[in-house]
Number of protein chains: 2
Amino acid sequence: MQEHFFIGVDGGGTKCKALLQNHKGEIVGEGLSGSANAATDLPVAIKSIVGACHEALLAAALPLEYLRFCHVGMGLAGVNLPSIRHNMLQWQHPFASVHLTTDLHIACLGAHDGADGAVIITGTGSSAFAVLNGEQLNLGGHGFTAGDKGGGAWIGRAATQVCLEAMDDLAPYSPLVDQLKTHLGCKDATAVAEKVNGAPAVFFASLAPLVLDAAAQQDVIATAILQDAADYLSKLARRLLPH
Amino acid sequence: MQEHFFIGVDGGGTKCKALLQNHKGEIVGEGLSGSANAATDLPVAIKSIVGACHEALLAAALPLEYLRFCHVGMGLAGVNLPSIRHNMLQWQHPFASVHLTTDLHIACLGAHDGADGAVIITGTGSSAFAVLNGEQLNLGGHGFTAGDKGGGAWIGRAATQVCLEAMDDLAPYSPLVDQLKTHLGCKDATAVAEKVNGAPAVFFASLAPLVLDAAAQQDVIATAILQDAADYLSKLARRLLPH
């Protein structure tokens, strides 16, 4: 009888990692590839998943056709959205079986060694996840446009908003105002507005380190924004506690 | 000697209006056309301007070639941005002369009969303008992404943000939460997030009437948002006062 293998896939916005185990639970290979956010680009995500699994088989000196003996558990960014999850499940995959869940869920399983627990993740965005007796709780993570408070993009946009108000003399000035103008290479509010209008989350997230540095210098605008971010993340944490 | 004419053009995001005067200052024709926001689509804006002026000449029973005897003063949305203003001034226009300024400036001239004064305009966005002794002051109007506080799009997005937090049990519930879900045809926070992510200003502005109605019913979330909007617009007004 043909031996079975197990692959764990961790697919995020920037990279996709695959770990290959044999039937004894020993890790025999590892693969790494590019972006695997199913909501951003499904074909690219699928390509990254297969690529990382191929690499893991090669690392284990196994033929690529062995994909069909692999049971794959994958945690992917974006599949918390029902329409994206639905599209992902339409995939005629080359594996023995697929178990699909979110990157948040596997982060939680990893952090708590498979036991019940919770995680809060902040990067460009922000979100929280808990699992208790098989029941999952997903909080936040609603995206840059109207959610993801406390994440890097939210921090950068909030700072830009207040700095623009300060440039109009509608909010108290702080050193962050000039630091932002210098960072963006802009002379005035109009130039800043031209630069930031319609910019994506990753652009605003790139401004977050500026705000963190300013807060470390007791900058008033930066401190207020980070306090607001911390308040939200604390509410997330408290909300996870009873679970 | 050929008689000269004067055309006043008011170009906004949804429509463009032209008023034709003879050399005695009598209004002899009027024209109306489509969108003339130079920042959104310059070729469309130019087409709308010429179209409205053509219509005004036709209404005055004058030949279309008379455009070249017309001195045109135009106030256009978008030309407060230097790069847009620069592009607009490259236009090889068919008129005797063009005087270009912003829609805000002509609104202010119109509101105060050409005398010094100030205006605050809120629609999808928000902005303020004052003129005193020939000096112009432009405040706000920095766009939906990180400005235009108190405008319809800002109100709709702010309401969505707080309602999403309330759906996660991170902010107090108010009836607006369910009204928003019903309005969007969404069952839960995830569905709302899918619907609003990346949506343009005009989408969020379409939610503003919902928030205004809720505030009229003393809805807690809606009232707080409108109070915040009113505070900002009051600051704008106070900032205009010394000018």
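## A buried aspartate in a loop

Let's start with A:Asp148, which has a relative accessibility of 14% and so counts as buried, since the cut-off for that word is under 20%. Keep in mind that everything here comes from a predicted model. Where does A:Asp148 lie? You'll find A:Asp148 in the loop that runs between β8 (135-140) and α4 (152-167) of chain A.

Its backbone is worth a look too: phi of A:Asp148 is near 55°, a positive value in a residue other than glycine. Most residues other than glycine have a negative phi.

## Another loop, another aspartate

A:Asp169 also has a positive phi, this time near 65°, and A:Asp169 isn't a glycine either. Look for A:Asp169 in the loop between α4 and α5 (175-184) of chain A. Is A:Asp169 buried or exposed? With a relative accessibility of 53%, A:Asp169 counts as exposed, because the cut-off for exposed is over 50%.

## Chain A as a whole

Now zoom out. Chain A is built with nine helices and eight strands, and its C-alpha atoms fill a box of roughly 75 × 40 × 30 Å along the principal axes. Of the 243 residues in chain A, 47% are buried.

The accessible surface of chain A is about 11500 Å², and carbon and sulfur atoms own 55% of that. What about contacts along the chain? If you take the contacts in chain A between residues at least 6 apart in sequence, 54% of them join residues at least 24 apart.

## Salt bridges inside chain A

Searching the whole structure turns up 10 salt bridges over all chains. One of them pairs the side chains of A:Glu30 and A:Lys17, at 3.7 Å from N to O. This pair links distant parts of the chain: A:Glu30 sits in strand β3 (residues 27-33) and A:Lys17 in strand β2 (residues 16-21), 13 residues apart. Both ends are partly exposed, with relative accessible areas of 45% for A:Glu30 and 36% for A:Lys17.

A second example joins A:Lys181 and A:Asp178, again with 3.7 Å from N to O. How many residues apart are A:Lys181 and A:Asp178 in helix α5? They are three residues apart, so about one helical turn separates them. A:Lys181 counts as buried at 19% relative accessibility, while A:Asp178, at 34%, counts as partly exposed.

## Where the two chains meet

Chain B touches chain A through 33 residues, and 33 residues of chain A are in contact with them. Together the chains bury about 2800 Å², 55% of it on carbon and sulfur atoms. Three residues, B:His142, B:Thr145 and B:Leu170, supply 25% of the area that chain B buries against chain A, more than any other three residues.

The interface holds 16 residue pairs in polar contact. On chain B, the elements that each supply at least two residues to the touching side are α2 (82-89), β8 (135-140), α4 (152-167), α6 (189-196) and α9 (220-240). The residues on that side divide into 13 nonpolar, 12 polar and eight charged.

## Salt bridges between the chains

Four salt bridges cross the interface. In one of them, A:Glu165 meets B:Lys235 at 3.6 Å, N to O. In another, A:Lys235 pairs with B:Glu165, and the closest N and O atoms are 3.6 Å apart. A:Lys235 lies in helix α9 (residues 220-240) of chain A and B:Glu165 in helix α4 of chain B, so this pair joins two chains. A:Lys235 counts as partly exposed at 28% relative accessibility, whereas B:Glu165, at 13%, counts as buried.

Key
Residues are numbered from 1 along each chain as its sequence is written. Chains are lettered from A and ligands numbered from 1 in the order in which they are written. This is a predicted model: local features need pLDDT of at least 70, side-chain atom pairs count only at pLDDT 80 or more; totals for chains, interfaces and linings use all residues. Side-chain values use heavy atoms; hydrogens and water are left out. Contact means heavy atoms within 4.5 Å. Buried area is the accessible area (1.4 Å probe) that two parts lose on being put together, summed over both. A polar contact is a pair of N or O atoms within 3.5 Å; within protein, one must be able to donate a hydrogen and the other to accept it, and residues adjacent in sequence count only if both atoms are side-chain atoms. Helices (H or I, at least four residues) and strands (E, at least two) are DSSP runs, numbered from the N terminus. Ala, Val, Leu, Ile, Met, Phe, Trp, Tyr, Cys and Pro count as nonpolar, Asp, Glu, Lys and Arg as charged, and the others, Gly among them, as polar. Buried means under 20% relative accessible area, exposed over 50%, partly exposed in between (1.4 Å probe, protein chains only). Accessible areas come from the Shrake-Rupley method with a 1.4 Å probe; for residues, only the protein chains shown count as cover.
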